[in-house]
Amino acid sequence: MQLPFIYEINIESTEMTLPQNNSLAIEATNLNIYYGTFRAVKDVSLKIPQNKVTALIGPSGCGKSTLIRSFNRMNELVPGSHLKGEILFRGENIYAQTVDPVEVRRKIGMVFQKPNPFPKSIYENVAWGAKLNGFKSELGYPNMDEWVEQCLRKAALWDEVKDKLDQSGLSLSGGQQQRLCIARTIAIQPEIILMDEPASALDPIATLKIEELMRELVEEYTIIVVTHNMHQAARVSDYTAFLTMDEDRSGVLVEYGQTNQIFTNPRDSRTEGYITGRYG
Amino acid sequence: MNPINTRETFDNQLSHLSQEVLSLGKMAEIAIRQSMQALQQADRGIARQSIRNDLEINKKRYALENNCVTLIATQQPMGRDVRFLTAILEIITELERIADYAKGVSKVTIRMSEKNSSITIMTHLQEMAEMGLSMLERSLEAFMRRDTESARSIPLDDDQVDHLYNQVAMELTNMVIKDPGTVQTAQYLMWAAHNLERLADRVTNICERVVYVNTGEMLEFDQMEDE
């Protein structure tokens, strides 16, 4: 039956808009990641937009941590792992033989689930990486003190630590330690920050601070976050990718789209089942 | 002891809420029927009772709204669940408004000084009410059965209600032309007709929400023929 009197309201939140090629930070194409003979990630292609937060969600074992670690070649550190497909960063495959993985990790930093500050002072935690990567005064910060302050400010930690910069980073609370790790990552001036469950070990207040920080940092950096907390993904991310396991337990990408669409009107029944707690 | 299945508990809460929405719909339907009975019989007693009953309907609507808010806060729903709960918030508002239209019709009965003699007009008003109530009943059935197709087709019947409304308006105009002394009665009956016409519009809104729950599509069934 024709219903000519119906018209659709154009609602941005339900529109399926994927990132465009001209604004991509990093792009995975036909990615397959193996641990020995086991394929942990299967045929994943994903375009991550610049200056956006992209969340990777999915049940345990779906390969989301493996996937995020492949974005800065951290997965290579696992014995027996290898990868097929390519990951393009600035138009270059980061797995090409000519590419130095250390340089990749400088441009694509990582924050882990458990805060892991060095057993050094708060100041040294931030300054260390910058020194190692050849901190240059011509960046606009005439000395390291100012750079450390700038990084701690960006990590929303400065006001809490400015009077105790010489104290151990390990003396801080869990949430503060995590922000210190973020400051340390920023100090190396990455373009992309990978976050693997960055708030799962933190209480709700500390979690909120990390989430707020992510929204501030995305003005300057691209953020990819793995989270088990779907509401966190819904709160902080612009795009969400849902992964699950297929019949041979390999991680597959089920659905990728704007976060609002994924959490209110997913296209795939597996996504719907997962986000409503009926599956996974 | 069996472990508590939180998803099952939530499903039961949603199912209970659906039944309560249906129950509110029934109350709105009874309110319209009661107000029409009062109008047809020029019975101010029934009209006053109908107005008093509206308090119960309002109370139930707020209780359901509170249930929805509690579930949204405690379950943090997503996907279809969040569409379902936000749709219920809209649907219960529409049902409460429908009950308000019953109150409007009852007020007409209380204010009219005499029984209206035009059988044709009263028949057409009754037809409008029946048509609107049929739409209401079917829309709530569609809601319960997740029947998107019905939800899309029910609003088509609004044209018939609009047609009857225009007919009543014309008949009332003729009545006043023939006998200018009936002008106040005509005004009151026009008010009653307007309330019944709006009832069908509210049902259309309910149908939009049913489609939204089932598909995620935000549709508007255009009721403004002249636009």
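In chain B, 83% of the contacts with a separation of 6 or more come from residues 24 or more positions apart, where contact means heavy atoms within 4.5 Å. For chain A, the figure for residues 24 or more positions apart is 69% of the contacts with a separation of 6 or more. Keep in mind that you're looking at a predicted model, where local features need pLDDT of at least 70 and side-chain atom pairs count only at pLDDT 80 or more, while totals for chains, interfaces and linings use all residues. Residues are numbered from 1 along each chain as its sequence is written, chains are lettered from A and ligands numbered from 1 in the order in which they are written, and side-chain values use heavy atoms, leaving out hydrogens and water.

Let's stay with chain B for a moment. Helices (H or I, at least four residues) and strands (E, at least two) are DSSP runs, numbered from the N terminus. The C-alpha trace of chain B spans about 75 × 40 × 20 Å along its principal axes. Of its 227 residues, 49% are buried, meaning under 20% relative accessible area, with exposed being over 50% and partly exposed in between (1.4 Å probe, protein chains only).

Now over to chain A, which has 10 helices and 11 strands. Here 52% of the 280 residues count as buried. Chain A exposes about 12,900 Å², and carbon and sulfur atoms supply 49% of that; such areas come from the Shrake-Rupley method with a 1.4 Å probe, and for residues only the protein chains shown count as cover.

With a relative accessible area of 10%, A:Thr66 is buried. Setting aside neighbours within four places in sequence, A:Thr66 touches A:Ile33, A:Tyr35, A:Ala40 and A:Val41.

Finally, look at how two helices of chain A pack. Helix H4 (residues 144-154) and helix H6 (residues 174-187) of chain A meet at an angle of about 125 degrees, with their axes 8 Å apart. Those axes are lines fitted to C-alpha atoms, for helices over the stretch in contact, and angles run from 0 to 180 degrees between N-to-C directions. H4(A) and H6(A) are therefore oblique to each other: under 35 degrees counts as roughly parallel, over 145 as roughly antiparallel, 65 to 115 as roughly perpendicular and the rest as oblique. On the H4(A) side, A:Trp147, A:Cys151, A:Leu152 and A:Lys154 meet A:Leu180, A:Ala183, A:Ile186 and A:Ala187 of H6(A).
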